[in-house]
Amino acid sequence: MNGIRTNAAAVMLGISPNTLRSWERRYGFPKPQRSAGGHRQYSLSEIESLRLTLAETHNVSSAISLARERGEGPSTPSRLTAAFTSFDEDAANRLLEESLALRSVDRTIEEVLLDAVMALSEPAVNSAEYEFAWRYAVGWLSVQRRLAPSATRRDGIMIFDASAPCDLDAVHAQALEVVLRRAGLRTLALTPAIEPTRLGRALRALSPSAVVLTGRRVSLDSIGRLVYAVRTTVPEVIVFDYRSAVPDTGASTVFRLGWSGPPRSRRRRSFPLRRRHPSAPSRRPTLISVGSAGGS
């Protein structure tokens, strides 16, 4: 029988076992099953859901009512992955809406959506389940990009995405752009297929403080020409590699963001961007925070 004993459930909720049993008698929730030996076995999903709703409402009856309504507990990557493997778009929509009731958009992207898609990815081969998940994810992220508030900062980020349809890198690139936009930064996503000599108008319009290179379907020579063209127009621009788009040759002119997802909302991260004020005494980068410190 799957479940946890009374003492463990009480510890999760921060209450005494007697209080938990009194809630069961008074509200009928959480409702345990009984083991062969007659011991209470509480559903972990019910206890976790109740723990979260208690933190939200600080009221027992309201928390129990909300936990009942949510049913299976908070959205998780595994539940979203299960929806993807069942090709159930309605279930995926419902799970992400549930997550947004508890988490910020940034946390929902990183803690639920990306993990669920990555769970279905396989090296060198795509399954029908993965392609369904990929297309769902990029569509959902596209909506979040459109819903992001207007930019509140002067700094712009240009993203060169060298991924192809159904590449996992493409989902990460789109997720990164959503997080940056929600942080108040202006963004412009392009492909490295653009002729470097035709970048002038875009660079002048955005005046990027940073360029992010992502995706691995372009040659190093093409990347080099793009970076040269950008730096010719915007000399102080800082170049980032995201998810190993650029082979590590030991060059110090490219900052590496590594393989992680978008900047975690649970702890602030910052892009070091060039100084934009004309009186700045040096070219030392300033730090531009992305993500939120926490909360929903």
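**Salt bridges and a strand**

Tutor: Arg-217 is exposed, at 57% relative accessibility; exposed means over 50% relative accessible area, buried under 20%, and partly exposed in between (1.4 Å probe, protein chains only). This is a predicted model, where local features need pLDDT of at least 70 and side-chain atom pairs count only at pLDDT 80 or more, while totals for chains, interfaces and linings use all residues. Residues are numbered from 1 along each chain as its sequence is written, and side-chain values use heavy atoms, leaving out hydrogens and water.

Student: Which side chain meets Arg-217 in a salt bridge?

Tutor: Asp-167 does, at 2.5 Å, N to O. A salt bridge here is a side-chain nitrogen of Lys or Arg within 4 Å of a carboxyl oxygen of Asp or Glu. Asp-167 sits in the loop between strand 3 and helix 9, and Arg-217 in the loop between strand 5 and helix 11, so the pair ties together parts 50 residues apart in sequence. Helices (H or I, at least four residues) and strands (E, at least two) are DSSP runs, numbered from the N terminus.

Student: Is Asp-167 buried or exposed?

Tutor: Asp-167 is buried, with a relative accessible area of 14%.

Student: How many salt bridges does the count come to?

Tutor: The count is 11. Among them is Arg-107 with Glu-111, at 2.9 Å, N to O.

Student: New topic. Why is strand 6 largely enclosed?

Tutor: Five of the five residues of strand 6 (residues 238-242) are buried, so the rest of the structure largely encloses this strand. Ile-238, Phe-240 and Tyr-242 cover one side, and Val-239 and Asp-241 the other.
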